Amino acid sequence: NSAFDGSTGVKVTIPDGVQSIGKWAFSDSSLEQITIPDSVKVIDESAFSFCEKLKSITLPDNLTSISADTFTYCTSLENIVLPKNLVSIGDRAFEGCFEYDENATVVSGLGSITIPAKVTQIGKAVFSGCKNLKQIEVAEGNEAYTSLEGVLYNKAKTELISYPIGNARKKYEIPAGVQKISEKAFSDAENISEVVFPSSLLEIQSEAFYGVPLEGIALPSGLKTVGE
């Protein structure tokens, strides 16, 4: 559980038998490469947050939980395969995983991700600010979530959970039947200028469209709640 300061180098091998990686264990370090044994089942809050040199990571098959803020602002992270036994992903787990160049152009970051079949719990704003993320897919057989055109929904398609804000489309039409747009679902989607809302929409949660350059907006008459 003690913090890693990078003094032993940028490559780390965790010994077999370790079952969890504690809070802030590698946070804000120069870590570039890490080997995690299959014995690890839990990665705790902020364990790898602000590891700006970490480009890829292989997670063990036995991992069941990724906690809140685990990989926030891992700006170089381009490749991650979520393990087949994963059950839960915490709030903001991958928030801010992208990098600008000197011209403020997005040059790297998480481009796509697949939610494994056993995942039943996804927290708030998991992919918020991932400006290189172009698609979110869901493995076949998942009973809690689904993907439509790279956008993450609950299985019943009544809740839009996360839009991949690096996608190049200018217009997005939310399908009929959607009742809720989750917190920060479209936040910082800088390519979109038009979103079409279905008549079924009842709730828009906080910051759902923060930083989105919408040219106009038509809210359905049945809408009951709009967050901050």
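Lysine 131 counts as buried at 16% relative accessibility, where buried means under 20% relative accessible area, exposed over 50% and partly exposed in between, calculated with a 1.4 Å probe on protein chains only. Its partner is glutamate 190, and the two side chains meet in a salt bridge with an N to O distance of 3.0 Å, a salt bridge being a side-chain nitrogen of Lys or Arg within 4 Å of a carboxyl oxygen of Asp or Glu. Because lysine 131 lies in the loop between strand S12 (121-122) and strand S13 (135-138), and glutamate 190 in the loop between strand S18 (180-181) and strand S19 (194-196), the pair ties together parts that are 59 residues apart in sequence. Strands (E, at least two residues) and helices (H or I, at least four) are DSSP runs numbered from the N terminus. Glutamate 190 is partly exposed, with a relative accessible area of 45%.

The model is a predicted one, in which local features need pLDDT of at least 70 and side-chain atom pairs count only at pLDDT 80 or more, whereas totals for chains, interfaces and linings use all residues. Residues are numbered from 1 along each chain as its sequence is written, and side-chain values use heavy atoms, with hydrogens and water left out.

A search of the whole structure finds six salt bridges. One of them joins the side chains of arginine 92 and aspartate 69 at 2.8 Å, N to O. This pair links distant parts of the chain, 23 residues apart, with arginine 92 in the loop between strand S8 (88-89) and strand S9 (98-100) and aspartate 69 in the loop between strand S6 (65-66) and strand S7 (79-81). Aspartate 69 is buried, with a relative accessible area of 16%, while arginine 92 is partly exposed at 28%. Glu95, Lys184 and Glu207, for their part, are linked in a network of salt bridges.

The rings of phenylalanine 48 and phenylalanine 71 are stacked, because their centres are 5.4 Å apart and their planes at 5°. Both phenylalanine 48 and phenylalanine 71 are buried, and they belong to one aromatic cluster formed by Phe26, Phe48, Phe71, Phe94 and Phe127.

Notes:
Phe/Tyr/Trp six-rings, centres within 6.5 Å; stacked < 30°, edge-to-face > 60°.
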